[in-house]
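Dear colleague,

I am handing over the structure we spoke about, and it is shown just below. My notes on what was found in it follow after that.

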Amino acid sequence: MARTPATSRRALLFGTAAVSAGALLTACTSNEPKNQEPAADSAPVADDKPGKAVTIGFAGPQADHGWLNAINDNAKSRAKKYSDVTLEITEGSNDTAQQIGQIQTLINKKVDVLVILPADGKALTQVGLQAMRAGIPVVNLDRVFASPQAYRCWIGGDNYGMGLNAGHYIGEQLKGKKNAKVVELAGLDNLELTQQRTKGFDDALKNYPNIRKVARQAADFTVESGQAKMAQLLQAQSSFDALWNHDDDQGVGALRAIDQAGRDDFLMVGGAGAKSAMDAIKAGNSVLKATVLYPPTMAASAIDLARALGQGKGVGGLAEFEIPSSLTLYSAVVTKDNVDQYLPTGFI
């Protein structure tokens, strides 16, 4: 496989561009009329047209959750869209030592770009650094490495934004209700993402003095835990007005518990964007009225960014010559009004 020259590789990795002193001097001192188009207007940007061949290595954790399975599917389907992309994908693993070994294999194969969703961002930071030092730019997907030197670009979801948007949606629905009560069904409490989602939710509710959070239970992102913890919430709280559930997979269990209890006296907001949740929202026959996205389409966007990096191009719609160093995705609220737009992105 042909390799990019060292100077070009450094430019890809760190977003630098070599410009001659003469060119800089001309740009600063020329008195000629400036009637030419801005340089950014001619910046090469990635598009659907075939370009330089790029081999992308993709390494993620084991797809033991609907969202993670959707991550893999999005990466594969996006790569197939481009005739100039070859995708080398590893068998997912939640064992950090095994995932490190899989990434080192991709480094030894001398892929052009790496896309890595680490099982543990901190634990895999060193292998990210190893790839970058080997001249292979890394797109760090979602779970961030401990050092920004371990990646060229980070793209991921907004856990704080999920909670914030869930809280604002509930707040607006309950705006006219006095002494409104809400409960929260969180994910694994030892995960930073769960803590961020809760913080965003709490911060949003501060804007609505008529609302009080009266209970919170932590599940573990499974159907079984969602059902068990929701049953406990229902038993402890004889009445409340709204529920925010962090994860649509555990939400399947939560809805079972709600149905078994015969409760329909509150509204429910989910999280992540499962197809089952969107189907229920569209049907309109349950307490589930909305879900806040944590879009697995980020994996498709990571492939787009990796391809642009490998081809030395920027991103369409932006003036810069290089791709951004970070990209945080918005957590849209899906309701009956817009569910048809988002249904194709729902994960199974």
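By class, how many residues in the lining of the largest pocket are nonpolar, polar and charged? The lining has 13 nonpolar, 9 polar and 10 charged residues, where Ala, Val, Leu, Ile, Met, Phe, Trp, Tyr, Cys and Pro count as nonpolar, Asp, Glu, Lys and Arg as charged, and the others, Gly among them, as polar.

Before going further, please note that this is a predicted model, in which local features need pLDDT of at least 70 and side-chain atom pairs count only at pLDDT 80 or more, while totals for chains, interfaces and linings use all residues. Residues are numbered from 1 along each chain as its sequence is written, and side-chain values use heavy atoms, with hydrogens and water left out.

The protein has 12 helices and 12 strands, these being DSSP runs numbered from the N terminus (H or I, at least four residues, for helices; E, at least two, for strands). Of its 348 residues, 48% count as buried, meaning under 20% relative accessible area with a 1.4 Å probe and protein chains only, whereas exposed is over 50% and partly exposed lies in between.

To return to the pocket, its volume is about 1100 Å³, taken as the space filled by probe spheres set on grid points that are joined across faces, edges and corners. A pocket here is an open set of points, on a 1 Å grid over the protein atoms alone, where a 1.4 Å probe fits, with protein on both sides within 12 Å along at least five of seven lines; lining residues have an atom within 4 Å of a point. The lining comprises 32 residues, and Asp142, Arg143, Leu191, Leu193 and Phe221 lie nearest the centre of the pocket. Helix H3 (66–81), helix H6 (159–173) and helix H7 (192–205) each give two or more residues to this lining, and H7 gives the most, with 4 residues.

Asp142, in the loop between strand E4 (138–141) and strand E5 (153–156), has a positive phi of about 65 degrees although it is not a glycine, and it is buried at a relative accessible area of 11%. Phe221, in the loop between strand E7 (211–218) and helix H8, also has a positive phi, near 70 degrees, and counts as buried at 16% relative accessibility. Most residues other than glycine have a negative phi.

Finally, strand E1 (residues 54–59) is largely enclosed by the rest of the structure, because 6 of its 6 residues are buried. Val54, Ile56 and Phe58 are buried on one side, and Thr55, Gly57 and Ala59 are buried on the other. E1 pairs with strand E2 (residues 85–89) in the parallel sense over 5 bridges, where pairing requires that DSSP finds at least two bridges, and Thr55 stands opposite Thr86 in E2.

With best wishes
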